[in-house]
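Open the model in your viewer and keep the selection tool ready. Each stop on this tour tells you what to pick and what is there.

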Amino acid sequence: MIKTKCLFDPPSPDDGLCAVWYSSLAPSADLLHRWKAGNVTWQQYSAEYLREVRCRRVAQRLCRLLAAKSEAGYKVTLLCYERDDNPHCHRRLLCAYLEEL
């Protein structure tokens, strides 16, 4: 099971393995800047973010590891500073990507 959570929320026994924040799984500074400035749509941001993750070797290793842990029955929680009710957060994209692996 893979879920998402805001890192400012209190820890819970339901969190399982928390992937705090790996820079290799974060969007590039350039992509994040363009998104925050309103220069790309969410659809463009999503496609570019996933392309970035797929192109990073370390990211791919982490993704396979997190997906394998989830498949083995471990709870995996992806954390981000964005509030959980924000639909425009990279961890939601990452969560969906991990579930497809």
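Two residues are in contact when they have heavy atoms within 4.5 Å of each other. This is a predicted model, in which local features need pLDDT of at least 70, side-chain atom pairs count only at pLDDT 80 or more, and totals for chains, interfaces and linings use all residues. Residues are numbered from 1 along each chain as its sequence is written, and side-chain values use heavy atoms, with hydrogens and water left out.

**Stop 1: Pro10 and its loop**

Select Pro10. Pro10 is in the loop between strand 1 and strand 2. Strands here are DSSP runs of E with at least two residues, helices are runs of H or I with at least four, and both are numbered from the N terminus. Which residues does Pro10 touch, leaving aside neighbours within four places in sequence? Show Lys5 and Asp15: Pro10 is in contact with both.

Pro10 is exposed, at 61% relative accessible area. The cut-offs are simple: buried is under 20% relative accessible area, exposed is over 50%, and partly exposed is in between (1.4 Å probe, protein chains only). Now draw a line from Pro10 to Ser70. Their C-alpha atoms are 22 Å apart, and 60 residues separate them in sequence.

Stay in this loop and pick Phe8. The loop runs between strand 1 (2-6) and strand 2 (17-19). Phe8 is exposed, with a relative accessible area of 56%. With Phe8, they make a nonpolar surface patch of about 330 Å². Patches take residues with over 30% relative accessible area and no salt bridge; nonpolar side chains (Val, Leu, Ile, Met, Phe, Trp, Tyr) are joined within 5 Å, like charges within 9 Å. The areas come from the Shrake-Rupley method with a 1.4 Å probe, and for residues only the protein chains shown count as cover.

**Stop 2: Ile2 in strand 1**

Move to Ile2, in strand 1. Is Ile2 buried or exposed? Ile2 is buried, with 9% relative accessible area. Not counting residues up to four places away in sequence, Ile2 touches Ser70, Val76, Leu78, Cys95, Leu98 and Glu99. Then look across to Arg57. The C-alpha atoms of Ile2 and Arg57 are 21 Å apart, and the two residues are 55 places apart along the chain.

**Stop 3: salt bridges**

How many salt bridges does the structure hold? There are eight. Each is a side-chain nitrogen of Lys or Arg within 4 Å of a carboxyl oxygen of Asp or Glu.

Select Asp9 and Arg83. Their side chains meet in a salt bridge, 3.3 Å from N to O. Asp9 is in the loop between strand 1 and strand 2, and Arg83 is in the loop between strand 3 (76-80) and helix 4 (90-100), so the pair ties together parts 74 residues apart in sequence. Asp9 is partly exposed at 30%. Arg83 is partly exposed at 44%.

Next, show Asp30 and Arg34. They form a salt bridge, with the closest N and O atoms 3.0 Å apart. Both are in helix 1 (residues 29-36), four residues apart, which is about one helical turn. Asp30 is partly exposed at 46%. Arg34 is partly exposed at 21%.

Glu48 is in helix 2 and Arg34 in helix 1, so the bridge ties together parts 14 residues apart in sequence. Now pick Lys3, Lys5 and Asp15. Salt bridges with shared partners join these three into one network.

**Stop 4: aromatic rings**

A pair of aromatic rings is described by the distance of the centres and the angle of the planes. Rings of Phe, Tyr and Trp (its six-membered ring) pair if their centres lie within 6.5 Å; planes under 30 degrees apart are stacked, over 60 edge-to-face, and the rest tilted. The whole structure has four aromatic pairs.

Select Trp42 and Tyr45. They form a stacked pair, 5.0 Å centre to centre with 20° between the planes. Both are in helix 2 (residues 42-55), three residues apart, about one turn. Trp42 is partly exposed at 21%, while Tyr45 is buried at 3%.

Tyr45 and Tyr49 are both buried.
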